[in-house]
Amino acid sequence: EVSVIGSSSQAKICTSWSELSSYREIRFCNFQKRVSLLNNTKSTRWRNSGLSFTLKAVQSSPVRSDRLPRRGSSSKPKSLDGVRVFVGLPLDAVSDCNTVNHARAIAAGLRALKLLGIDGVELPVWWGIVEKESMGKYDWSGYLVLAEMIQNAGLKLHVSLCFHGSKQPKIPLPEWVSRIGDSEPGIYHADRSGNHYRECLSLAVDEVPVLNGKTPVQVYQEFCESFKSSFSHFFGSTITGVTVGLGPDGELRYPSHRQLASHGNILGVGEFQCYDKNMLNLLKEKAEATGNPLWGLGGPHDAPSYEQSPNSNHFFKDNGGSWDSPYGDFFLSWYSSELLSHGDRLLSLASTSFSDTSVTVHGKIPLMHSWYKTRSHPSELTAGFNNTVNRDGYEAVAEMFARNSCKMILPGMDLSDKHQPQESLSSPESVLAQIRAVCRKHGVEISGQNSVVSKAPHGFEQIKKNISGENTVDLFTYQRMGADFFSPEHFPSFTHFIRNLNQLGMFSDDLPEEEEVVESVLLNSESNTHMQAA
């Protein structure tokens, strides 16, 4: 356990030493202005001693930016075209018992990012952790400690309010919500086999009082207000932006893909998520209102299943498929309009909640690029974007963001067409270009993210292409800090990427000596620290 000194409240902190085993290898060297790993002869003095470090008890004071060891005097480098670069913190930075996980590892990571010239970090804040036990009972303690650590490190903070759960790492919805879902599974999305997706609520219940007499929108609103009140002293100085979660993985979409394709495999078309009772009620009402009640009995009967290709059934076939029929037009228009209404409600909620602060509000949409080169664009259709060869499904999305004065986050900045499986008929570059075009038309600013920690040079090259020049974004967030991020296969490449983004690079004299970093970041402990061999 670690007791954080200097925080507004004392809090217990859990430390994951499996994570720290990778983090502690960080070192900074002056050679060629690059950051490398602590695996050369200078670091062997620690290993040759036969010791590795396991913390039993420690008091650790925050490292302020003005206490960073410096041998020169230069300001933070100006990034290419003014792009601010953030790095995402681990998804499980705060545990389900509201303690800070792998705290010393994160502290070392924050110091590394600051020395690299990174502007700030992104922190996922989970509904299922803060409001875990009962409705209206909020515990922000773990996140407050992290916010103060970030502030003391001299970094900015972008907060992502996550109204969804995570399978890996396991972060469920609040316990009291899950209990309601156990007795009433209709609050979750369902596929045509009746399988419920329990990592987020069905958008069809947004304004239905299914949560102990309150609607989900009311509960989200109160959560935002509690967050604003609890973190008010960080707004402006440290917290510069807030992202409101809009669906699975925080994105505006249906959970049409229950499992992501593994490396080398081709992602199927997914399935429509309109079979929970509340979605079916809305579909029935819409069909009856248009004079075609039979169209409201369920989703398309001739659509493929999750992992199938577009041509494995009739609905998505390029020529003569049901998607390009009066029924297909009716269903797809209704399905996408429900998603847009949901997004509009939540962006409006967040925009209103934070209108009296200096933070910018963001929302995230997915980059559904598989099968983009077909006429029907099935992966986009099942996710809720009515985008086909015949119509632009992102125009209305951009209008919604503009109406609520929100910025749009686009992932996949590291993806290029030539590195996609040819059989997937995928084109991430085309999807990105299409969305950029409608955002420019409606004056919506774009922020970027990568899809995965990139260990290949072409990933960083594609990111630079997508965030600079005529594609300049205001903010790029690299996802995400962890063992892979600081691995020998990745971290030197990331460092080189960041240095290349800086027009005015740091001089080698501005970087601290290796011993200074090791001792002040990784070995910063009191005399009562217990060291033992691993």
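Trainee: How many helices and strands are in the protein?
Mentor: There are 15 helices and 13 strands. Keep in mind that this is a predicted model.

Trainee: Which strands close into a barrel, and in what order?
Mentor: Eight strands do, in the order S4-S5-S6-S9-S10-S11-S12-S13, and the pairing is parallel. On average, neighbouring strands of that sheet are turned by 30° against each other, direction ignored.

Trainee: Changing topic, what share of the residues is buried?
Mentor: Of the 534 residues, 55% count as buried. The protein exposes about 21600 Å², and carbon and sulfur atoms supply 49% of that area.

Trainee: What about contacts between parts that lie apart in sequence?
Mentor: Take the contacts between residues at least 6 apart in sequence: 77% of them join residues at least 24 apart.

Trainee: How many residues are in the largest nonpolar core?
Mentor: That core has 125 residues, and Trp127 and Phe494 have the most contacts inside it. Its largest share comes from H9, with eleven residues. As background, nonpolar side chains tend to be buried together in soluble globular proteins.

Trainee: Which residues does phenylalanine 494 touch?
Mentor: Leaving out residues up to four places away in sequence, phenylalanine 494 touches Val87, Leu116, Ile118, Phe460, Tyr478 and Phe485.

Trainee: Now a helix: which residues of H11 are buried?
Mentor: In H11, residues 395-403, the buried ones are Glu395, Val397, Ala398, Met400 and Phe401. Their cover includes H9, S10, S11 and helix H12 (428-442). Just after H11, have a look at serine 405, which takes a positive phi of about 55°.

Trainee: On to charges. How many salt bridges does a search of the whole structure find?
Mentor: It finds 21. One of them joins the side chains of arginine 192 and glutamate 271, at 4.0 Å from N to O. That pair links distant parts of the chain, 79 residues apart. Arginine 192 is in the loop between S7 (188-190) and S8 (196-201), while glutamate 271 is in the loop between S9 and helix H8 (277-289).

Trainee: Are those two buried or exposed?
Mentor: They fall in separate classes: arginine 192 counts as partly exposed because its relative accessibility is 34%, and glutamate 271 is buried because its relative accessible area is 5%. The cut-off for buried is under 20%.

Trainee: What does arginine 345 form a salt bridge with?
Mentor: With glutamate 207, the closest N and O atoms being 3.8 Å apart. Here too distant parts of the chain are linked: arginine 345 is in H9 (residues 326-353), glutamate 207 is in the loop between S8 and H7, and the two are 138 residues apart. Arginine 345 is partly exposed at 22% relative accessible area, whereas glutamate 207 is exposed at 57%.

Trainee: And what about lysine 214?
Mentor: Lysine 214 forms a salt bridge with glutamate 222, with 2.8 Å between the closest N and O atoms. Lysine 214 is partly exposed at 26%, and glutamate 222 counts as partly exposed at 29%. Elsewhere, salt bridges that share partners join Arg84, Lys407, Glu445 and Asp474 into one network.

Trainee: Which residues does glycine 270 touch?
Mentor: Not counting residues up to four places away in sequence, glycine 270 touches Ser256, His257, Pro304, Ser305, Tyr306 and Thr382.

Trainee: Great, thanks!

How values were computed:
Residues are numbered from 1 along each chain as its sequence is written. This is a predicted model: local features need pLDDT of at least 70, side-chain atom pairs count only at pLDDT 80 or more; totals for chains, interfaces and linings use all residues. Side-chain values use heavy atoms; hydrogens and water are left out. Two strands pair if DSSP finds at least two bridges between them. Helices (H or I, at least four residues) and strands (E, at least two) are DSSP runs, numbered from the N terminus. Axes are lines fitted to C-alpha atoms, for helices over the stretch in contact, and angles run from 0 to 180 degrees between N-to-C directions. Buried means under 20% relative accessible area, exposed over 50%, partly exposed in between (1.4 Å probe, protein chains only). Contact means heavy atoms within 4.5 Å. Accessible areas come from the Shrake-Rupley method with a 1.4 Å probe; for residues, only the protein chains shown count as cover. A nonpolar core is a set of buried Ala, Val, Leu, Ile, Met, Phe, Trp, Tyr and Cys residues joined through side-chain atoms within 4.5 Å.
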